[in-house]
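Here are my notes on the model you asked about. Have it open while you read, and click on each residue as we get to it.

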Amino acid sequence: MALGVSLAFVSLNLYDTSTRTVREFVPVEPGRVSMYLCGATVQAPPHIGHIRSGVNFDVLRRWLMREGYDVTFCRNVTDLDDKIIKVAAAEDVPWFVVAERNQRAFSWAYDQLGCLPPTVEPRAMGHVPEMVELMRRLIDKGHAYAAGGDVYFDVMSYADRYGKLSNQKLENMRAAADTDTDSLKHDPRDFALWKGAKPGEPTWPTPWGRGRPGWHLECSAMATKYLGGTFDIHGGGVDLIFPHHENEIAQSQAAGDGFARYWLHNGMLKLGGEKMSKSLGNSLLIPEMLRKVRPVELRYYLVAAHYRSAIDYSEEALQEAAAGYRRIEGFVTRAAEVIHDVDAAAPLPQAFVDAMDDDLNVSQALAVIHEVVREGNVALAHGNKEQVARLLAETQNMLDVLGLDPRSEQWRTTGDDGLREVVDALVAVALEQRQAARARKDYAAADAIRDQLAAAGIVVEDTPEGPRWELAR
C-alpha cells in the first residue's frame, strides 16, 4: 500500500531543540518540506543505536508525505574522519575501502528496516569544493582564519550566539580538542574547519594548503547545497547537539545562511544504562538483531518509544515488542482473508492523527492501532464484514504511516529473499493433502500432516474460511 495523499496539510507540532519548546511546524515554502539528517560516519557497520535515528526520521517523513507535502530528504555520509583513518591504518587498506564497506552495510540495514531511500545521499568527500567556498566566505567575513595549514572558526567572533542550541555559556565550554595543533588557535574553543596535511593521510588542495576537512564543515556544505541556505528541519541524535550541531549553526549563520529552522533530536539507545558504542564493546549489530526477530519487528521496537526518549535495550523488551507487532499482524492477515479490497483513502482515526501531530507521539499512535485491532478481532468473531472492512482499512493506513503494514511489498519480500513465497507454496500442498485426508475421514493421516508441519515450526489454525498457517515463535 502506498502512502496516501491529502491536500489538507498537517497541523504538526514538533519539539525544537533550539528553543526548547514545542512549536507549530510551518515550512519555508508552503506544501514543501526540506529535511536534513546527519547520517553515518562509516568507520564500522551499524548497530541498532545508529539505525534508530534513520527509522525515527523515516516516520516523520512518511507522516509529512501522508499529509501531502513534497519532502526533500537529504541524509549524508561522512566517509572520512579520524576514526576511519585509524581503522584503515590498522587494516593496512586505503580509507575509501573502509568507508565503502561500511556504507554498504548501513544502506543494507536501512533497507532491511523499511526506511524509504533518501532523495539525495551525499558523501562528504564529494563536496570539498563547496567546503572550500564556505571557508572562503567565513574568512572574508572575519569569522575564520588560516594558521599553519589549518583553518579555524573564530568562536569569539560569534560569541553572542555560540552555545544557544546546547544551552551553554561560552565561558563554561571546554576546549574543542579536535586537532593536535591547539597552539595555532586564537582560542582553545575555536574548532577546525580544515586540517593541514599529515603524512599518510588523504589530502585535497585549498588556497590555504593541502589537507582534509573537519567534521562540522561537511554537513553545512552539503545541507545548503541540496536544501538551500535556509531549510526546514535538521535532525540527528542528541549526542550530536554539542559540538557538532552547535558548530554547524555557527559556521553556517556566520557565513550568512539562515540554515535550519527546526532542530529535532532523537534519544539514545542504551544497553545496561550506558550509551551503545564500539568502545564499550556492547554494540548490537543489525545482522545479529535480525537473527532474533524479523526486520519489521525490529522496526516496531525502534519506533514504539517516543523518538526523544532514551531506550534501554533488553531482550525481554525486544521480544515483547515483536509479540505486540504479531498481534497486529494477525488481525491484518485474518481480515485480509475475508476482505480483499482495502480502501487506501479511508480516513485515519482522529486519535491517531492527534497523536502524530503531537510531536510524533508514536507510542500513543500505536495504542490507537491496538484498540482498532481489538475491535477488528471482535468484528471478525461476529462475522461483521462491513465493520471488518472499515477497521482493516484504518489499521493498514495507520501502519502505512509508520512503515509497518505487513501486507506492503516491503515486508512481503525484505529479509527472506522470497523464502516466504516458497514456503507458502509448499505448505499449501501439505494443507491440500490434509484437507483431502479429512474429506475421506482419514483423520490419522490428517493429524500426521499437521504434526509434521508443527515439527517443522509451522502452526496450522483451522478457521471458517479454511486452514491458515504461521511460523511458530
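This is a predicted model: local features need pLDDT of at least 70, side-chain atom pairs count only at pLDDT 80 or more; totals for chains, interfaces and linings use all residues.

1. **The annotated site.** Let's begin with a database record. In an unreviewed UniProt entry, Cys38, Cys219, His244 and Glu248 are listed under "binding site". These four span 211 residues in sequence, yet no two of their C-alpha atoms are more than 11.1 Å apart, so they come together at one spot.

2. **Cys38.** With a relative accessible area of 9%, Cys38 counts as buried, because the cut-off for that is under 20%. Leaving out residues up to four places away in sequence, Cys38 touches Asn76, Cys219, His234, Gly235, Leu240, His244, His245 and Glu248. Notice that Cys219, His244 and Glu248 from the UniProt list are among those contacts.

3. **Glu248.** This one belongs to helix 6, which covers residues 241–254. Is Glu248 buried or exposed? Its relative accessibility is 0%, so Glu248 is buried. Again not counting residues up to four places away in sequence, Glu248 touches Cys38, His216, Cys219, Ser220, His234 and Phe259.

4. **His216, a neighbour worth a click.** His216 is part of helix 5 (residues 215–227). It is another buried residue, at 7% relative accessible area. Which side chain does His216 meet in a polar contact of 3.0 Å? The partner is His244, one of the residues on the UniProt list. Setting aside neighbours within four places in sequence, His216 is in contact with Phe191, Pro243, His244, Asn247, Glu248 and Gln251.

5. **Strand 3 and its partners.** Strand 3 has five of its six residues buried, so the rest of the structure largely encloses it. Strand 3 pairs with strand 4 (residues 70–75) in the parallel sense, over six bridges. To get from strand 3 to strand 4, the chain passes through helix 1, and this β-α-β crossover is right-handed. If you want to find the pairing on screen, Met35 stands opposite Phe73 in strand 4, and Leu37 stands opposite Arg75. Strand 3 also pairs with strand 9 (residues 230–237), in the parallel sense and over three bridges. Here Tyr36 has His234 as its bridge partner, and His234 is a residue that Cys38 touches and Glu248 touches too.

6. **Cysteines without disulfides.** A disulfide is a covalent bond between the sulfur atoms of two cysteines. How many disulfides does the count come to? It comes to zero. Take Cys74: its sulfur is 8.7 Å from the closest cysteine sulfur, in Cys219, which is too far for a bond. For Cys115, the closest cysteine sulfur is in Cys74, 15 Å away, and that is too far for a bond as well. Cys74 is buried, with a relative accessible area of 0%, and Cys115 is buried at 7%.

7. **The loop with Thr179.** Thr179 is in the loop between strand 6 (150–153) and strand 7 (191–196). Its side chain makes a polar contact of 3.2 Å with the side chain of Thr181, plus one of 3.4 Å with the side chain of Asp182. Apart from neighbours within four places in sequence, Thr179 is in contact with Tyr152, Lys185, Ala192 and Lys195.

8. **Helix 8.** Last stop: the helix made of residues 295–304.

Technical notes
Residues are numbered from 1 along each chain as its sequence is written. Side-chain values use heavy atoms; hydrogens and water are left out. UniProt positions are given in the numbering used here, feature names are shortened, and annotations may be inferred rather than shown by experiment. Buried means under 20% relative accessible area, exposed over 50%, partly exposed in between (1.4 Å probe, protein chains only). Contact means heavy atoms within 4.5 Å. Helices (H or I, at least four residues) and strands (E, at least two) are DSSP runs, numbered from the N terminus. A polar contact is a pair of N or O atoms within 3.5 Å; within protein, one must be able to donate a hydrogen and the other to accept it, and residues adjacent in sequence count only if both atoms are side-chain atoms. Two strands pair if DSSP finds at least two bridges between them. A crossover is right-handed if, with the strands pointing away from the viewer, the path from the first strand over the helix to the second runs clockwise. A disulfide is a pair of cysteine sulfur atoms within 2.5 Å.
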